[in-house]
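Hello,

Here is the structure you will be taking over.

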Amino acid sequence: MAASLPLFQLLLFLLLLLSRTRFSSSEYLIGVGSYDITGPAADVNMMGYANSDQIASGIHFRLRARAFIVAEPQGNRVAFVNLDACMASQIVTIKVLERLKARYGELYTEKNVAISGIHTHAGPGGYLQYVTYIVTSLGFVRQSFDVVVNGIEQSIVQAHESLRPGSAFVNKGDLLDAGVNRSPSSYLNNPAAERSKYKYDVDKEMTLVKFVDSQFGPIGSFNWFATHGTSMSRTNSLISGDNKGAAARFMEDWFENAQKNSDSLRNIPRRVSSIVSDFSRNRESNPFLELPNVAILYIAVAARLMWKVMVLFLFVSESRLLDIAATYKSSRGHSVDKSLDVKTRVRNTSKRKFVSAFCQSNCGDVSPNTLGTFCIDTGLPCDFNHSTCNGKNELCYGRGPGYPDEFESTRIIGEKQFKMAVELFNKATEKLQGKIGYQHAYLDFSNLDVTVPKAGGSSETVKTCPAAMGFGFAAGTTDGPGAFDFKQGDDKGNVFWRLVRNVLRTPGPEQVQCQKPKPILLDTGEMKEPYDWAPSILPIQILRVGQLVILSVPGEFTTMAGRRLRDAIKSFLISLDPKEFSNNMHVVIAGLTNTYSQYIATFEEYEVQRYEGASTLYGPHTLTAYIQEFKKLATALVNGLTLPRGPQPPDLLDKQISLLSPVVVDSTPLGVKFGDVKADVPPKSTFRRGQQVNATFWSGCPRNDLMTEGSFAVVETLREGGKWVPVYDDDDFSLKFKWSRPAKLSSESQATIEWRVPESAVAGVYRIRHYGASKSLFGSISSFSGSSSAFVVV
């Protein structure tokens, strides 16, 4: 042992030398961060479908804020935050920036911080400030708001504190089967000559940025790809990051596993679910093998010792395992220290994390329900122009690739994005080099002068309009249909719904003319009681990292609208400075960023008045206004100018109204404790991979404690010495936490934990554990825990 020490020291020196040499040409400081933003998993309406019956009642997997910062050592920096949330919120952005100013002064401001939502429709609502977006959540939900604000702040703090010399690489490629156009008749109204430039009626390109620490190697990746977060349906009640959140979880777990799965360690059992493919079987696909890092040596030694223990354990017969499991009965519920919830997490937050974000782009008319749209009554395809079935929009639904299982559809679309990202990640060689820059402006989109071209080469000045939604908006989409007799493509409206509309507000003749051909259903931009129903002042923003340019937009651009903006700004930048902005520039659209203002369709799509056109708030010239104003930002970016801030958006936090009832008290039946098992795992039970294990506990309302950076549900395995070790939690795709009350107003509740045993699960003894919190009649909150009887996986 002593004789081998000099050799080990020499090897260590060479590895460190190689590591530093490999990335010595870095010119940026890079940092990444990630923090839990999972909101209340009970009682709160979900944001996205505007379905008042869609109330959260558990967790599919947790939501996170993921941040990256790229900085010049002595110059500019940009911070981009990707949220597992439906969209960014103006009031959230305002409060996050206030907190950052208190911490860092003017280092992070509205100019260089972008906060973008992935557009999952399975997250708690109530965190936006405008009335339109919080009606179904019974107003503002402070708990939803606080956890998002805090999570964004903490993710940026982590990224800031981890800043180190490193490099960023960019790569892009086509992902062909993760999205289809849900309004194809609208898309076809765009000019044929324009459509002929593109092979598909949705964007297929994914653009990925890979971050590599000069010493430690890869630390993260962010990518942009357009597809809606609607793999989970409007009837789902479990909090979920949908397909993009799933992809992020798959990739982060894949990278963690890849580090433990080099050639010398290939036989080490993996905790990570093989619900996704094992890319690490290919040496070229293993990012860990790229790293001449001494950490391999330590992991190899520890892993081999662990494997010897595991091999001995696996030789125990099934009957012996059952005998061991039989000695561990379900525990009575008991009180626990609040700090324990963090200790139960499977993923270690104390070590440096690999952070992977799957960001949203111009997804406005892109659906992940790739099998097409069908009538639920006949099974026939829906009407092409209006997405109706015998004139009814509520019968027309899109089908995901896992139909009829929405969880399977979520997994499939998430896995497709994950696989594409891994391929781009491993082949990313184009280094981002050059300046870091940013520009930002607030604009009053309710009254913006816009110059539009006319036939013959002349132009005229028109205006945008106060926000309004058309009749086609109420029809919904094939991802989530509306109700009543509304339909997409309605450019007339009807007398009855006009009378209903007029009870709230009758639009004036100027507004009606401005919004044509949209028939106005809700004149939200001019509705001010009890406070603003829709935004008027919107932020637009450009971030630049070398040859990567990010266009931050506060809404959902359709495919063609996004193409027009992206192509216009790219061409404009090249025309301003051909040397600085060559043809290898990468321009991406970051949708739903900094605030939310619904859709942006092209002028031609607006004329059709399908859902996207009817939801384009500021009139037919909205897209032209964006292109015009982004060119001003681009000019300022190239010339180093400082633009006026523009009119400030309102801070409506003090005006918010919440009608959501608080948790009054939790209770259990007589003789029962919180955490007691209500329905146990069957005695002496054995499960095989692919089977589902269930256990139900007497519980308290999840709103009592969000278990931020913790877990409501844990699967533990028995290790030598009788120690129970957590191996899966409610952030895993294989485990679902479901919460319910026996009656709507009951103070009693129960939690059912469902674990689908992954194919990668190691044979052994397991149990299910539930953590929660209960509220007493006097308002105090107490944490509790309980566990099921043990069972065997073979």
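The cysteine sulfur closest to that of Cys363 belongs to Cys86, and at 9.2 Å it is too far away for a bond. In this predicted model, Cys363 is buried, with a relative accessible area of 0%. Cys86 is buried as well, with a relative accessible area of 4%.

Elsewhere, the structure holds three disulfides.

One of them joins Cys375 to Cys389, with an S to S distance of 2.1 Å. The torsion about this S-S bond is about -95°, so the disulfide is left-handed. Cys375 lies in strand β15 and Cys389 in the loop between β15 and β16, so the pair ties together parts that are 14 residues apart in sequence. Both Cys375 and Cys389 are buried.

Another disulfide is formed by Cys382 and Cys396, whose sulfur atoms are 2.2 Å apart. Its torsion is 110° about the S-S bond, and the link is right-handed. Cys382 counts as buried at 11% relative accessibility, and Cys396 counts as buried at 1%.

There is also a disulfide between Cys465 and Cys514 (S to S 2.0 Å). This pair links distant parts of the chain, 49 residues apart: Cys465 is in the loop between β20 and β21, and Cys514 is in helix α13. The torsion about the S-S bond of Cys465 and Cys514 is about -90°, so this disulfide is left-handed. Cys465 is buried at 0% relative accessibility, whereas Cys514 is partly exposed, with a relative accessible area of 22%.

With the bonded cysteines numbered in sequence order, the pairing reads 1-3, 2-4, 5-6.

Regards

Methods
Residues numbered from 1 in each chain as written. Predicted model: local features only at pLDDT ≥ 70, side-chain atom pairs only at ≥ 80, totals over all residues. Heavy atoms only, no water. Disulfide = S-S within 2.5 Å. Helix = DSSP H or I, 4+ residues; strand = E, 2+ residues; numbered from the N terminus. Buried < 20%, exposed > 50% of the residue type's maximum accessible area, 1.4 Å probe, protein only.
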